[in-house]
Amino acid sequence: MDIKKVEDAQQINLLAAIADEIWHEYFGIIISDEQIDYMVEKFQSEHAITSQIQNDGYEYYMFYIGDEPIGYNGIKPEKDALFLSKLYIKKEHRSKGYASKAFEFLTDYCKNHGLKYIYLTVNRRNDDTINIYKKKGFYVTEEKCADIGNGFVMDDYIMRLDIK
């Protein structure tokens, strides 16, 4: 798997299309279609991704097998930590070790940038993903329910992985 930084409008457009596909395929059993549509527009549309990169310090990386994009992550380096905002892989490429390669990339990123831990938010009803994070060494540090507007909330765990 190759990991390439998203740096231009064409790559952002591709990322937004993949995000829309993955979110609708994956989250339909956890949250409503209306909330998925709202969250994709608010957090993963071309406009939102562009703004996050240009104004908020986020970096996005696409995962490729050959020329085929199979997933992506979004990160935000902070003082001592790396916020893992997003890590998604297309359905047909899950359970093939690509998430492990993404985690190796994230761990190396932290070591190279002097960051002490990775943290993330995950929906409390997303049991499969929570279990994957726990297998990778993440642990729950707190629960958080955040109003994201339009009558929707994100009901999450905050999880952390200490970098050794």
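The model is predicted, so local features need pLDDT of at least 70 and side-chain atom pairs count only at pLDDT 80 or more, while totals for chains, interfaces and linings use all residues. Residues are numbered from 1 along each chain as its sequence is written, and side-chain values use heavy atoms, without hydrogens or water.

Start with the interior. A nonpolar core is a set of buried Ala, Val, Leu, Ile, Met, Phe, Trp, Tyr and Cys residues joined through side-chain atoms within 4.5 Å. Buried means under 20% relative accessible area, exposed means over 50%, and partly exposed lies in between (1.4 Å probe, protein chains only). The largest such core holds 25 residues. Trp23, Phe27, Tyr60, Met62 and Tyr72 have the most contacts inside it. Helix H1 (9–26), helix H2 (33–44), strand S2 (59–65) and strand S4 (81–89) each supply at least two of its residues. Helices (H or I, at least four residues) and strands (E, at least two) are DSSP runs, numbered from the N terminus. H1 gives the most to this core, with eight residues.

Phe27 deserves a look. Residues up to four places away in sequence aside, Phe27 touches Ile22, Ile36, Tyr88 and Asn126. Contact here means heavy atoms within 4.5 Å. A second, separate core has 24 residues. Ala102, Leu115, Val122 and Leu161 are among them.

Now turn to a helix pair. The axes of H2 and helix H3 (residues 46–55) come within 5 Å. They cross at roughly 35 degrees. Axes are lines fitted to C-alpha atoms, for helices over the stretch in contact, and angles run from 0 to 180 degrees between N-to-C directions. On the H2 side, Glu41, Lys42, Phe43 and Gln44 take part. They meet Glu46, Ala48, Ile49 and Gln52 in H3. By class, this contact has three nonpolar, two polar and three charged residues. Ala, Val, Leu, Ile, Met, Phe, Trp, Tyr, Cys and Pro count as nonpolar, Asp, Glu, Lys and Arg as charged, and the others, Gly among them, as polar.

Gln44 also leads back to H1. Asp20 and Gln44 are 24 residues apart in sequence, but 7.4 Å apart in space, C-alpha to C-alpha. Asp20 lies in helix H1. Its relative accessible area is 34%, so Asp20 is partly exposed.

Next comes the open space. Rolling a probe the size of a water molecule over the atoms shows where empty space is left. On a 1 Å grid over the protein atoms alone, a pocket is an open set of points where a 1.4 Å probe fits, with protein on both sides within 12 Å along at least five of seven lines. Lining residues have an atom within 4 Å of a point. Grid points are joined across faces, edges and corners, and a volume is the space filled by probe spheres set on the points. The largest pocket has a volume of about 1,300 Å³. It is lined by 48 residues. Phe27, Tyr88, Thr121, Val122 and Asn126 lie nearest its centre. Elements supplying at least two lining residues each include helix H4 (98–113), strand S5 (117–123) and helix H5 (127–135). Strand S6 (139–149) and strand S7 (152–162) are also among them. S4 gives the largest share, seven residues. By class, the lining has 26 nonpolar, eleven polar and eleven charged residues.

Val140 and Thr121 are 19 residues apart in sequence and 9.5 Å apart in space, C-alpha to C-alpha. Val140 sits in strand S6. Leaving aside neighbours within four places in sequence, Val140 is in contact with Tyr157, Ile158 and Met159. Val140 is partly exposed, because its relative accessible area is 35%.

Two loop residues stand out by backbone angle. Most residues other than glycine have a negative phi. Ser95 is not a glycine, yet has a positive phi of about 65 degrees. Ser95 is found in the loop between S4 and H4. With a relative accessible area of 83%, Ser95 is exposed. Asn150 has a positive phi too, near 60 degrees. Asn150 lies in the loop between S6 and S7. It counts as exposed, at 59% relative accessibility.

Finally, two helix residues. His47 lies in helix H3 and is exposed at 65% relative accessibility. The C-alpha atoms of His47 and Glu92 are separated by 27 Å. Glu34 lies in helix H2 and is exposed, with a relative accessible area of 52%.
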